Amino acid sequence: MAIADPAAVEDPSGVQGGDTTALPEDTIDLSACSNRLGPPPHAVKTLIDFLSEHPKRLVHPPFESENPDLFCAHKRYLAAFADYLRRRFSSPADIRVEDMVAGRGVTEHLYVLARLLHHEPVAVITPEYTGTLIQFGYADFLGPEPGVMDTAERRLHRIRRAATSGHYRYVITSNPNNPCGHFVEPEALLEVCERAPQVTLIIDEEYGAYQGDRDVSLVGAGCENLVVLQSSGKPYGITGGSRAGVLWTRHEPLRAAVAAQIPTWPLSLPEIVLACAALEGDAWLLAQMARARADAQILQAMLAERFGPLAIAPGAAIHYRLLIHEDPLDLHAHLLGHGINTRPFTSGPGRVGGIRISTPYSSAEFDQLYAALREWEGKP
Ligand SMILES: Cc1ncc(COP(=O)(O)O)c(C=O)c1O
């Protein structure tokens, strides 16, 4: 095993999850949140077949067409996403393609929303995904009281308080949350929408698929003051192959404003073909999500044994855990020295100090992490 030189990376807290460019090749990368069990083999095969059978389709832009045999434009992606979402509800859900806008992942929608809402009073419920904190740097960050461990209940309380305060027109949160993993029940968020009709909730459901098999999304809800963001990248482990996602809302003016900022051909044909093939079958996804949740329980137990149960953001049912720690950079460097890359966060606006670790998925990876944790001699 090659040993990484932590000094080679000046500020590891500024390195994005998944960036292993400065690390030895055999480093186990637990720093990102994309599904490491992906991509689904059937989706990769569909893409390879498409490229070898229809190379000429790459010549022209992916025009919209009612005939999917002619050009597989982004409308095909929206239709596949809508079908996928409908299958995720136990009773019929009113999910219309017309309420959706395709974009290059949740990322593009966050960027567009951040630009559009720049002059609006916006609250971001924190801790939150770094990209959101950066793009909405002008917003108010509403975090837990200093020293208080966040929970899903406390997060919901802050969402409610922000929405009913009279100060904000938009409230943003990821659900499940990155980095804490907390999940607020969709019904509770709908109640907030009903109680505060003048406020629009923007819910980033990037990791919704990890939460469970059914009824965990707000897409299709009846209210107009709600925006939901979803992506096909992270759950299928195809973030490097297709940056594709959707914004769903019944808020007509906001949807039109977002759509006007998205390029004419929001997604490339290879992205559409790969993502549509991934979205078509549920068996692979459900099996991988269940496995990732189970593996993450083992990770949680391992971290709790070494750092105590109170150091881990409680109540998460997702494929990563946030370990709250006073010396995140030291701990990160220690693990790196043992061939394991994690995502360190130093505390600051919208952040809590600690490291986020995606779950290992083989016994060998778990063993390597366990050995590295046992050798940690710093603060427990
Ligand atoms: C909460 C959250 N939202 C959005 C994104 C961006 O995801 P996408 O790959 O869909 O652009 C991330 C990714 O890291 C994330 O953690």
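This is a predicted model: local features need pLDDT of at least 70, side-chain atom pairs count only at pLDDT 80 or more; totals for chains, interfaces and linings use all residues.
**Domains**

I looked up the domain assignment. It gives domain 1 as 6-30 + 284-374 and domain 2 as 42-280. I then took the C-alpha centres of domain 1 and domain 2, which lie 25 Å apart. Next came the contact between them. I found 22 residues from domain 1 and 24 residues from domain 2 in this contact.

**The domain 1 side**

I asked which elements each supply at least two residues of the side of domain 1 that touches domain 2. They are α10 (283-307) and β9 (320-324). With five residues, α10 gives the most to this side. I also sorted this side by class. I noted 15 nonpolar, three polar and four charged residues.

**Cis peptide bonds**

I went to the loop between β5 (170-174) and α6 (186-195), where P176 lies. The peptide bond from N175 to P176 is cis, and its omega is near -5°. P179 also has its place in the loop between β5 and α6. I checked the bond from N178 to P179 and found it cis, with omega near 15°.

**D215**

I looked for D215 and found its place in the loop between β6 (200-204) and β7 (226-231). Its phi is near 55°, a positive value in a residue other than glycine. Is D215 buried or partly exposed? I counted 14 other C-beta atoms within 10 Å of D215. A buried residue needs 20 or more, and an exposed one has 12 or fewer. D215 is therefore partly exposed.

How values were computed: Residues are numbered from 1 along each chain as its sequence is written. Domain bounds come from an automatic or database domain assignment. Two residues are in contact if their C-beta atoms, placed from the backbone, lie within 7 Å. Helices (H or I, at least four residues) and strands (E, at least two) are DSSP runs, numbered from the N terminus. Ala, Val, Leu, Ile, Met, Phe, Trp, Tyr, Cys and Pro count as nonpolar, Asp, Glu, Lys and Arg as charged, and the others, Gly among them, as polar.
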